[in-house]
Amino acid sequence: MTSATTVKTEYEAIIGLETHCQLSTNTKIFSTSSTAFGGDPNTNIDPVCMGLPGVLPVLNQKVLEYAVKAGLALNCQIAKYSKFDRKQYFYPDLPKNYQISQYDLPIAEHGWLEIELVDADGNPVRKRIGITRLHMEEDAGKLVHAGSERLSGSSYSLVDYNRAGVPLVEIVSEPDLRSGQEAAAYAQELRRIVRYLGVSDGNMQEGSLRCDVNISIRPVGQKEFGTKVEIKNMNSFNAIQKAIEYEIERQIAATEAGDRIIQETRLWEEGSQRTISMRTKEGSSDYRYFPEPDLAPIEVSPAQLENWRSELPELPAQKRHRYESELGLSAYDTGVLTEDKPVANYFEAAIAAGASPKAAANWITQDIAAYLNKQKLTISEIGLTPQNLADVILRIEQGKISNAQAKQKLPDLLKGVSPEKAFAGQELISDPAILEPIVDEVIAANPKELEKYRNGNTNLKGFFVGQVLKKTEKRADPKLTNELVEKKLNS
């Protein structure tokens, strides 16, 4: 009698992200109040963002420009005709009891961005993630719960309307992501893009970039999607990845146990590293959308669209491709160099000043990066200019100084000391006529080591080289010193 073998079902995750990105305008989307972060509660407010009777919203032109540029950078189709809508819901942080957003005619649709992961061999693995839409909307205020992070368990709540009316774009991805790692890479690339454009600072700690994750599972090979669960307000890349990994396991375990996955909104609890239920999910009908009667439709002329397109910078993915194909850099190097626009600008300025790309990349991604991390500085705050870094690299390549000398003087260089001053009197001795007598003197002073070397202990060559470097205060050209020592020991 044979027993049937149980075949374990394999599942795959279907993941999409909804990302709210705060635009870096000085004033709010429909009024003149400041968008500055960190002010005293309820000081950056006005009749418009508070929804007082008789006031009318006026669209901030900069918001439209930034939204269109973000849409272009995400390879979206920009709508010739777009409009605003009212999204109804009732909550203490929403003073008007509706949010001005965009529903059926968003400013941008049908785009994509490229994520890049690095495999075990250091090779880039690229994948396009579709962008369903990008639309403009206003932010709500912020509730502060006393005695608890959430309403449940708090003794009372306070509301700060400073954030009400702050301009946002919401970027909705296609369900093309399949893992927490891919989702975190998508969010990181999105932040790079908006920072390169200068349309947002992407600061997740201040809420400038907030992600909601939509996730379901299905058996591998099944076409139909499973029941979608939303995880709200993820504010770090690490949280995005971990929440998704947890939720995949939770949904698989529930499915295997025969439990039904319900469509709901959940929250990520950082302390317990788990998701918890918040509420059942609303549908679009619950919001009772209708066209915003106080704002005219938006029409972007072809001339204005091309003008904004011409102002786009080279974006991170374009830089990565160029650094790999034209400069021969590794996927790791290109990833580090393009993470922040100021770092990429610094690198390119060093190249323009004559530094070899690989040498400049090594200094920036290793020694300089380590210093920045330790000192908690940005590359714009160090004293070593790109031109001076190129000077140091050229001195090494020309044999005037050694790599070791450069690393020894790096702390001074980073504080602004010029290469001329840092290496004054330190140039390498690369004249054989000067080095040969020093090598002879070192060998003559160490007869026992010489005998051991000639009896087969060839590792002692390093000892003699070290002695020559010591006598010359590390100014002896290392390559020439090695050649001369080997020649003399074997003569």
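1. Helix 12 passes helix 15 in a right-handed crossing, that is, the near helix is turned clockwise from the far one by less than a right angle. Helix 12 spans residues 432–444 and helix 15 spans residues 478–489; helices (H or I, at least four residues) and strands (E, at least two) are DSSP runs, numbered from the N terminus.

2. A word on the model before going on: this is a predicted model, in which local features need pLDDT of at least 70 and side-chain atom pairs count only at pLDDT 80 or more, while totals for chains, interfaces and linings use all residues. Residues are numbered from 1 along each chain as its sequence is written, and side-chain values use heavy atoms, with hydrogens and water left out.

3. Helix 12 brings P432, L435, E436, V439, D440 and I443, and helix 15 brings L480, T481, L484, V485, K488 and L489; contact means heavy atoms within 4.5 Å. By class, this contact holds eight nonpolar, one polar and three charged residues (Ala, Val, Leu, Ile, Met, Phe, Trp, Tyr, Cys and Pro count as nonpolar, Asp, Glu, Lys and Arg as charged, and the others, Gly among them, as polar).

4. A second pair to find is helix 8 (residues 357–375) with helix 9 (residues 386–397), whose axes are 10 Å apart and pack at an angle of about 115 degrees. Helix 8 also passes helix 9 in a right-handed crossing. From helix 8 come A359, A360, W363, I364 and I368, which meet L389, I393, I396 and E397 of helix 9. These residues divide into eight nonpolar, no polar and one charged.

5. The unreviewed UniProt entry annotates residues 345–489 as "domain: Asn/Gln amidotransferase"; such annotations may be inferred rather than shown by experiment, and feature names are shortened, with positions in the numbering used here. In the model this span is 68% helix and 0% strand, and its end C-alpha atoms lie 49 Å apart.

6. Not counting residues up to four places away in sequence, V343 touches V336, L337, I364 and I379.

7. R195 sits in helix 2 (residues 180–197) and is partly exposed, because its relative accessible area is 31%. Beyond neighbours within four places in sequence, R195 contacts S200, D201, G202, N203 and D340.

8. N42, in the loop between strand 1 (11–22) and helix 1 (61–73), has a positive phi near 60 degrees. N97, in the loop between strand 3 (85–88) and strand 4 (98–101), has a positive phi of about 70 degrees although it is not a glycine.

Notes: Buried means under 20% relative accessible area, exposed over 50%, partly exposed in between (1.4 Å probe, protein chains only). Axes are lines fitted to C-alpha atoms, for helices over the stretch in contact, and angles run from 0 to 180 degrees between N-to-C directions.
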